[in-house]
Amino acid sequence: MSHGLDFEPLSMTRRDPDLNMARFYAIALQPTLFGEVSVMRFWGRIGTRGQAMLQTFPSFTVAMRQAVAVERRKRLRGYR
């Protein structure tokens, strides 16, 4: 089943040597077997396994809105 997923997985980093900060954040969309779409998020310190969170939404449109909103918030916080 094709959902027309045209959201490429996104990886961002935020580094600030003065604060000893080196973080990563990644977002991806994944269709489920039940016709829904999951937003997968991974984050943590670069070089570690980090953490993950999965949120499932009823449609690609809703999932895409969530992914774009998360990306926008992270970019405002300095992720590139």
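This note goes through the sheet, its hairpins, the helix and the aromatic side chains, point by point.

1. Basis of the note. The model is predicted, so that local features need pLDDT of at least 70 and side-chain atom pairs count only at pLDDT 80 or more, while totals for chains, interfaces and linings use all residues. Residues are numbered from 1 along each chain as its sequence is written, and side-chain values use heavy atoms, with hydrogens and water left out.

2. The sheet. Four strands form an open sheet in the order β1-β2-β3-β4, with antiparallel pairing; helices (H or I, at least four residues) and strands (E, at least two) are DSSP runs numbered from the N terminus, and two strands pair if DSSP finds at least two bridges between them. The edges are taken by β1 (10-16) and β4 (51-57), each of which has a single partner strand, so one side of each is left without a neighbour in the sheet. From one strand to the next the twist averages 15°, where axes are lines fitted to C-alpha atoms, for helices over the stretch in contact, and angles run from 0 to 180 degrees between N-to-C directions.

3. β1 and β2. These strands pair in the antiparallel sense over 7 bridges, and Arg-15 stands opposite Ala-22 in β2. Their hairpin has 4 residues between the strands, and Asn-20 takes a positive phi near 55° there. Pro-17 lies in the loop between β1 and β2 and, at 73% relative accessibility, counts as exposed; by definition, buried means under 20% relative accessible area, exposed over 50%, and partly exposed in between (1.4 Å probe, protein chains only). The C-alpha atoms of Pro-17 and Gly-44 are separated by 16 Å, although the two residues are 27 residues apart along the chain.

4. β2 and β3. The antiparallel strands β2 and β3 are joined by 9 bridges, and Arg-23 has Arg-45 in β3 as its bridge partner. The hairpin that they form has 5 residues between them, with Gly-35 in the turn at a positive phi of about 85°. As for cover, 8 of the 11 residues of β2 are buried, and the strand is therefore described as mostly covered.

5. β3 and β4. Here 7 bridges join the two strands, which run antiparallel, and the bridge partner of Phe-42 in β4 is Ala-52. The hairpin has 5 residues between the strands, and Gly-47 takes a positive phi near 95°.

6. The aromatic cluster. Which residues do ring pairs link into a cluster? They are Tyr-25, Trp-43 and Tyr-79, and the structure holds 2 aromatic pairs; rings of Phe, Tyr and Trp (its six-membered ring) pair if their centres lie within 6.5 Å, and planes under 30 degrees apart count as stacked, over 60 as edge-to-face and the rest as tilted. Tyr-25 and Trp-43 are stacked, at 6.1 Å centre to centre and 15° between the planes. Because Tyr-25 lies in strand β2 (residues 21-31) and Trp-43 in strand β3 (residues 37-45), this pair ties together parts that are 18 residues apart in sequence. The ring centres of Tyr-25 and Tyr-79 are 6.1 Å apart with their planes at 70°, so this pair is edge-to-face. With Tyr-25 in strand β2 and Tyr-79 in the segment after α1, the pair ties together parts that are 54 residues apart in sequence.

7. Tyr-25 counts as buried at 5% relative accessibility, as does Tyr-79 at 6%, whereas Trp-43 is partly exposed, with a relative accessible area of 25%. In the sheet, Tyr-25 stands opposite Trp-43 in β3.

8. The helix and Lys-74. Helix α1 packs on the sheet, touching β1, β2, β3 and β4, and its direction makes about 170° with that of β2; contact means heavy atoms within 4.5 Å. Lys-74 is found in this helix, which spans residues 60-76. Leaving aside neighbours within four places in sequence, Lys-74 is in contact with Met-12, Tyr-25 and Tyr-79.
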